[in-house]
Amino acid sequence: MSGPQLAPEIVIPSSPALPVHRELYYGGQWQRPRGGYAPTWNPATGESLGDCAQANAEDVDAAVQAARAAFPAWSRMKPIERAARMRRVAGVLREHAGELAMLDAANCGSPVAEMVRDAMLAAAQFDFFAGLVTEIKGDTVPMGEGMVNMSVREPYGVVGRIVAYNHPLMFTAAKSAAPLAAGNTVVMKPPVQAPLSAYRWMELIDGILPPGVLNVVTGGTECGAALAAHPDVPFVSLIGSVGTGRAVARAGAERLKRITLELGGKNACIVYPDADLERASSGAVAGMNFTWSGQSCGSTSRLFVHESVHDEVVARVLEKIRHYRPGMPTDPATTMGAIVSQAQLDKIMRYIDLGIGEGATLAYGGRRPQDPELARGFFVEPTVFTGVTAGMRIANEEIFGPVLSVLKWSDEESMFEQVNAVEYGLTGAVFTRDLAQAHRAAGRIQSGFVWVNHAGPHFLGTSYGGYKQSGIGRDESIEELLSYTQGKNINIVY
C-alpha cells in the first residue's frame, strides 16, 4: 500500500523490546487465558520469543461479553469524540513505529524497514477513518405534509476480525479502525504466528479507548473458530486463506452473520509487445513483494509475457531480482526477509520441486541461502520459473512465497482464458503504451484491483478486494467504513 514517507525522526531500536504482557486483553484489562500458553518464534533464527496466550472458546466468550457491554456507550458517543480518540491511537502508532516494527521483524520475519512502513500505514488508516465519521449519512424521502421519512446508518455491535501473519501490526491495528469509527466494538484476533506487536500495541494505547471497545484475543484454530461462531458477534471479517475463509463463512451462515473476506490470490501481470520493457520488468519484480518473501495475497505471481519481448523481459527481471537477498529481518539494510514458519517454508520448497518436476525451467533461485548466519532460519531465495504452462500447479495454486512463474503468450484471447482460469481474482497488472489496449485488458481481467504500467501499491481511499474465491467486500475506503453499518428506515407522522 502506498502511504506517507518514513519520517527521518523514526528511531529503529537495535533489538526488539518484548512486551511485558502476553495475556489476553479485554474489558480494559490483561486477563490470564484459560486455554493456556504456547511459544512464538523468531523465524530468522529459530529461537523462541517466549510463550503467548492461547484463547479457548471460554476466553473468547469473555472477550465478546466485554465488547458487548462496552457497545452501548461507544455507539452513542459523539462521532467527533470517537474520532478524537482514534487520532490519539494514530499518534501512538507513529511515535512508536520503530519499536513496533522491530517486534514484527523479529516475530514474522519481514524486514524492519518495511515493518516501519506498516506501522505508519496503520496510523494513516486510523486518521483516515477518524476523518470520515461524519460521512456515515442517511437520506430523507419526501412523503408530504405531516410525515417525515428518513434513513440512518447504525453499527452492528461486536465485530470480530481475524487477520493474517504477513503484516501483523498493520492488519491488527488498521483493520480495527473502520469498525471502531462506525461505532462498533471490536474483538481482534492477531496471527498466531506473530502476536507480539499486538500485545505491545495494546500496552501503548491502554486507556485511550474506553474499556471493552477494543479487545485482543490470541491463539490458534480454536480461538478463531469460537470468534467466527459466537452468537453475540453479528459481523466477522477475515484476512486469510481460501480454506479458512470458507470455514468462517460456514460458521457465520449458521447465524446469518455479516461476513467480509480478503483471501488468496494467483494474480496475473501481463506484458504486451509495445510495453516499456524497463517499466514492465521493474513492475513484475515489484508486484511480487519479494521484500516480505512473496508472502502476499496480492503478489503478481504469474507473469504473462508476449513472445516477441519474452526473452528481454526475463533477462531484465533476472537482473533486477538480484537486489533481493535474504538477510536478518532486524537489520535495516535487509532487502528480503524470512518465511514465517517451517511449515510455510516446507510448502514453498514442495512447490519449487513440483515446478521442476512438471517441466518448468528454474531460471533463478529455488534454494535455501548458503550464508551460515541464516542457517537456522526459514529462508529461501527469490525464485523464477520460465517455460511455465497453464496446466502446471505452480501456475494455478497459491504458493504464498517468493516464486514467480513466467508464461509466454502470442494469442490475446487464449492468454485471457489462462489469466482468468484460476479460482482467484484479487489483483492484476497490465503493461502497454496503448491506452485503448490498457482499458480493454483491465476490463478483461477478472479481479477486484488492477494496475496499469506499475504493480504493487494500494492507495488509501480506493477500495481493495477480490473477485471469485479471493474474497467478499472492499477495504481501505469509505466503502469499508459503511460496510460496518446497517440501514434503518424511520417514518414519523406528526
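**Notebook: pocket, cavities and a helix pair**

I began with the largest pocket, whose lining residues divide into 20 nonpolar, 11 polar and six charged. I counted Ala, Val, Leu, Ile, Met, Phe, Trp, Tyr, Cys and Pro as nonpolar, Asp, Glu, Lys and Arg as charged, and the others, Gly among them, as polar.

The model is predicted, so I kept in mind that local features need pLDDT of at least 70 and side-chain atom pairs pLDDT 80 or more, while totals for chains, interfaces and linings use all residues. Residues are numbered from 1 along each chain as its sequence is written, and side-chain values use heavy atoms, with hydrogens and water left out.

I then looked up the volume of this pocket, which is about 860 Å³. Of its 37 lining residues, Leu238, Ile239, Gly240, Ser241 and Thr244 are the closest to its centre. Here a pocket is an open set of points on a 1 Å grid over the protein atoms alone, with protein on both sides within 12 Å along at least five of seven lines; a cavity is a set where a 1.4 Å probe fits but cannot get out, and lining residues have an atom within 4 Å of a point. Helix H8 (242–253) is one of the elements supplying at least two lining residues, and H8 gives the largest share, seven residues.

Next, I turned to the largest cavity, with a volume of about 80 Å³. Its lining has 16 residues, and Arg302, Val419, Tyr424, Thr427 and Gln446 lie nearest its centre.

Last, I checked H1 against H7: Ala57, Val60 and Val64 in H1 meet Glu222, Cys223, Ala226 and Leu227 in H7, where contact means heavy atoms within 4.5 Å.

Terms used:
Helices (H or I, at least four residues) and strands (E, at least two) are DSSP runs, numbered from the N terminus. Grid points are joined across faces, edges and corners, and a volume is the space filled by probe spheres set on the points.
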